[in-house]
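Here is a short briefing for a first look at this structure.

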Amino acid sequence: MRRLLTNTLATVAVSLGLLAGCSRSGPPSLLLVTLDTTRADHLGAYGYARDTSPTLDALAAEGVLFERAFAHAPITLVSHTSILTGTFPTAHGVRDNGGFTAHGELESLAEMLSNRGYATGAFVSAFVLDSRFGLAQGFDEYDDSFTAEWSEDKLRDARIYNQMVTDRPADQTTSRAIAWLAEQGDEPFFLWVHYYDPHQRYAPPRPYDQLFFDSPYDGEIAFMDAEIARLFAAVRERGDWDRTLVTVTADHGEALGQHGEVTHAVLTYDSTLQVPLIIKPPAATPWTVSSVQATVSHVDLLPTIADILGFEPPAAVAGRSLLPLLTGGELPARAAYFENALVRFSFGWEAVFGLRADGWKYIHAPERELYDLEQDPGELYNLATSNGERSQELERLLFRTIADNPPLVTGDGEPQAMDAEILQKLAALGYVSGTGSSTAELNRRQPSGRRSPLSAAAYLADYYLANALAGGGRLREAADIFSNTLLPLDPENLSFLTSLANLERRLGRRERAFELYRRAQALAPDDASILVELGQLERDRDNDEAAGELLRAARQLAPQNLTAVYLLAALAADAGDSAQAITGYEEALAIDASHRDSLINLAIELARSDRLDEARTRLAAALAAAPFSPRAHYNLGLVELRAQKAEAAATAFRRALRYERPYPAASLGLATALIELADDQGARRELETLIAEAQQPAAVERAHALLATLEP
Ligand SMILES: [Zn+2]
């Protein structure tokens with residue numbers, strides 16, 4: 001209704017010639033740009049000597065630069081949830097990547113603006129922000145398909161090789177965002193664009209690889225900045241620049257070796273907590289300053305945006321509007337909370353939390369840390385012991401802040417067990433995740449006796465190296481580092497144990513993998529994903545009974561664990577219980593309708609039960625999800641053979657062989673179909689090729705037998 005009225009008024013205004021130039025009316029639009037992993041001090045506007053950021057520097061010159069802006073966690077999903085809800089992690093409940101989802105009960109900025117008639121679009125660049133993690137709420141369009149800009153050829157190759165795509169570069173995200181902008185009408189828009197390029201591994205495209213050959217991290221920032229220029233140009237071309245509030249920040253920084261940390265997500269120093277923040281208000285909002293010195297944090301963004309766009313933020317919001325600072329006014333100083341619970345969920349170490357207040361920074365961990373930020377901005381001299389009074393005062397303030405920001409949503413804080421696909425995609429991005437421990441004991445005043453992240457920082461470099469080697473396919477070297485260096489230092493580290501177990505399995509050392517998963521299970525008996533791994537290994541060892549027990553236990557803990565449900569169905573199929581297998585695969589498909597292996601195996605079971613039409617329908621669905629799957633084509637061939645449709649069977653087998661060769665079973669299927677079609681010559685050719693490929697003795701024997709039935 002509101003939208004209709006606004007449009008009508010706008011039409012009247014235009015027809016009366018009331019609006020000059022820009023024909024739009026109503027509140028300003030909002031462009032939110034989040035830069036993953038971007039340090040403020042690597043941007044020109046913050047004094048960096050190299051020319052990494054001409055676009056952002058120009059934006060800062062036009063708007064307001066915040067010299068001291070901070071994230072609440074050095075972790076992507078946690079930070080973005082704080083930005084989009086204006087609340088601390090203790091309140092919104094998202095404490096780590098992967099195992100947590102922003103709860104539907106939370107009110108996000110996108111919902112607030114959508115309710116006010118805004119067109120809302122989000123374009124994210126990494127799987128960590130996939131819509132399944134809850135940030136899509138309130139967006140008309142949430143674009144997290146990282147292959148959307150790919151050519152048909154590139155897509156086909158990726159599918160054939162089963163390539164995993166977990167992020168996309170800035171040029172592709174920008175093009176999608178610009179295309180969306182072009183489709184928008186006169187109503188105000190909220191466009192959120194997330195860029196991932198400065199995240200490790202650093203590999204900028206031409207010419208940035210050469211311009212910044214000695215610092216590829218800077219090259220990634222420069223590439224991203226050039227793409228932001230293209231995005232800004234699209235807003236200007238629409239005539240919207242002056243009526244758009246532009247906000248740019250990062251989710252966290254990057255340590256780049258400071259304090260012994262290579263990247264981010266482990267320690268809580270300012271290398272990873274300080275972020276750039278630039279705000280360019282719409283022309284109608286007057287602002288008089290060019291930079292702000294006051295300490296601000298991510299929760300302040302939402303109320304500031306609400307203030308500028310002209311609405312009241314919900315009461316649950318923790319931050320406050322920074323608008324007074326833009327006009328040279330002042331705000332009373334406020335403490336800024338931060339935490340890192342990833343170390344708890346991913347490594348089994350003590351969670352870390354703390355705050356900055358009045359020029360001091362306090363870190364609450366097994367070793368308490370206190371830094372005088374005025375004298376020691378590098379956080380090098382821990383004064384916790386020598387200035388115990390200050391330390392205790394800040395500790396009290398910290399726990400008051402935590403108590404003042406309790407969970408906002410029901411059922412908050414319990415991480416969900418992740419299925420294998422999520423774990424694999426997070427690992428591909430460099431994150432190891434996540435063990436299903438409870439958050440109930442998270443914000444503890446007394447340490448629980450777990451390992452301190454600070455003491456662990458010494459071996460982080462080896463950990464990063466092992467991950468990089470594993471990511472590059474050098475599995476044996478990676479496994480050696482975990483076995484010989486990391487596990488001896490930290491034998492109860494769940495991530496080390498499960499990472500090594502995964503490597504051992506991929507190296508074919510099944511018994512060793514099994515033993516490592518058992519050790520992990522003893523440490524985290526409620527972790528469904530570990531039970532699933534053990535179940536899978538037992539099935540590989542033909543211990544079907546033990547496998548079933550483990551998988552049922554996993555399912556009890558995590559009913560929606562796709563891998564557990566799927567493997568239980570596969571076990572039923574192995575045991576010849578077709579009816580049970582069919583039910584199981586259908587349950588798996590209720591969790592993920594496009595799960596390829598479930599679609600194919602369900603079709604096989606349906607064909608076995610002579611339900612050929614249903615089998616064909618399932619295979620069609622599998623082929624829609626995976627058009628180049630040799631296995632799906634092969635099974636379609638079998639169904640058609642059974643249905644005595646030899647022509648269709650031959651076509652399906654030929655397709656299977658186009659995408660995989662040699663594929664002895666498909667060759668035998670094709671020959672059988674050709675014999676049915678009285679094409680003896682074709683059948684002979686196929687069988688002779690199969691024999692020449694000499695892949696499987698049984699198949700070769702079968703080929704000879706079939707050849708013998710043909711006329712010479
Ligand atoms: Zn991030």
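Among contacts in the protein chain between residues at least 6 apart in sequence, what percentage join residues at least 24 apart? The share is 60%, where a contact means two C-beta atoms, placed from the backbone, within 7 Å. This is a predicted model: local features need pLDDT of at least 70, side-chain atom pairs count only at pLDDT 80 or more, and totals for chains, interfaces and linings use all residues. Residues are numbered from 1 along each chain as its sequence is written.

**Overall build**

- The protein chain has 31 helices and 13 strands. These are DSSP runs numbered from the N terminus: helices are H or I with at least four residues, strands are E with at least two.
- The protein chain is as compact as a globular protein of 712 residues, because its radius of gyration is 29 Å, close to the 27 Å of the globule rule. The radius is taken over C-alpha atoms, and the rule is 2.2 Å times the number of residues to the power 0.38.
- The C-alpha trace spans about 95 × 70 × 50 Å along its principal axes.
- Of the 712 residues, 51% count as buried. Buried means 20 or more other C-beta atoms within 10 Å of the residue's own, exposed means 12 or fewer, and partly exposed lies in between; C-beta atoms are placed from the backbone.

**Helices α23 and α24**

- Helix α23 (residues 562-574) packs against helix α24 (residues 578-591) at about 165°, with axes 8 Å apart. Axes are lines fitted to C-alpha atoms over the stretch in contact, and angles run from 0 to 180 degrees between N-to-C directions.
- The two helices are therefore roughly antiparallel. That label needs an angle over 145 degrees; under 35 is roughly parallel, 65 to 115 roughly perpendicular, and the rest oblique.
- The contact includes L562, V565 and Y566 of α23, and Q580, A581 and G584 of α24.
- Its residues divide into 11 nonpolar, 2 polar and 1 charged. Ala, Val, Leu, Ile, Met, Phe, Trp, Tyr, Cys and Pro count as nonpolar, Asp, Glu, Lys and Arg as charged, and the others, Gly among them, as polar.
- L571 is in helix α23. L571 is buried, with 22 C-beta neighbours inside 10 Å.
- Beyond four places in sequence, L571 contacts R539, D544, A547 and G548.

**Helices α29 and α30**

- Helix α29 (residues 664-676) and helix α30 (residues 680-693) pack at about 165°, with axes 8 Å apart. That makes α29 roughly antiparallel to α30.
- Among the residues that meet are P664 and S667 in α29, and D680 and G682 in α30.
- This contact has 8 nonpolar, 3 polar and 2 charged residues.

**Backbone exceptions**

- Most residues other than glycine have a negative phi, and most peptide bonds are trans.
- A cis peptide bond joins R206 and P207, with omega about -10°. Another cis bond joins R661 and P662, with omega about 0°.
- P662 sits in the loop between α28 (646-659) and α29.
- L256 is not a glycine, yet its phi is positive, about 50°. L256 is partly exposed, with 15 other C-beta atoms within 10 Å.
- A265 has a positive phi near 90°. A265 is buried, with 24 other C-beta atoms within 10 Å.
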